[in-house]
Amino acid sequence: MYLWLRGDFINEEQLSKVECPYCGYKMPIRYSKEAIARGVFVQCKGRNCKKYFEIKISVK
């Protein structure tokens, strides 16, 4: 499947999913390999987790 991103199509396999550090649930949040993020807080969507954590993405 292809997604429309920044005026171009990108293959869905090129995107990574955010994983909860507490329970390991794969969140419905995706990022590309060029992404850089800090200070983004989300709540886990896991059935019994619901904890808040920060998403930190840096260049590898």
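**Exercise 1.** What percentage of the 60 residues of the chain counts as buried?

*Solution.* Start with the cut-offs: buried means under 20% relative accessible area, exposed over 50%, and partly exposed in between, with a 1.4 Å probe and protein chains only. By this rule, 25% of the 60 residues are buried. Keep in mind that this is a predicted model: local features need pLDDT of at least 70, side-chain atom pairs count only at pLDDT 80 or more, and totals for chains, interfaces and linings use all residues. Residues are numbered from 1 along each chain as its sequence is written, and side-chain values use heavy atoms, leaving out hydrogens and water.

**Exercise 2.** Find the residues of the largest nonpolar core.

*Solution.* A nonpolar core is a set of buried Ala, Val, Leu, Ile, Met, Phe, Trp, Tyr and Cys residues joined through side-chain atoms within 4.5 Å. The largest one has 10 residues, including Val18, Met27, Val42 and Phe53. Strand β6 (residues 52–57) gives the largest share, three residues. Strands (E, at least two residues) are DSSP runs, numbered from the N terminus.

Now take Val42. Contact means heavy atoms within 4.5 Å. Leaving aside residues up to four places away in sequence, Val42 touches Met27, Ile29, Lys51, Tyr52, Phe53 and Ile55.

**Exercise 3.** Which residue forms a salt bridge with Lys56?

*Solution.* A salt bridge needs a side-chain nitrogen of Lys or Arg within 4 Å of a carboxyl oxygen of Asp or Glu. The structure holds one. Lys56 pairs with Glu54, and their closest N and O atoms are 4.0 Å apart. Next, check exposure. Lys56 counts as exposed because its relative accessibility is 61%. Glu54 has 29%, so Glu54 is partly exposed.

Notes
Helix = DSSP H or I, 4+ residues; strand = E, 2+ residues; numbered from the N terminus.
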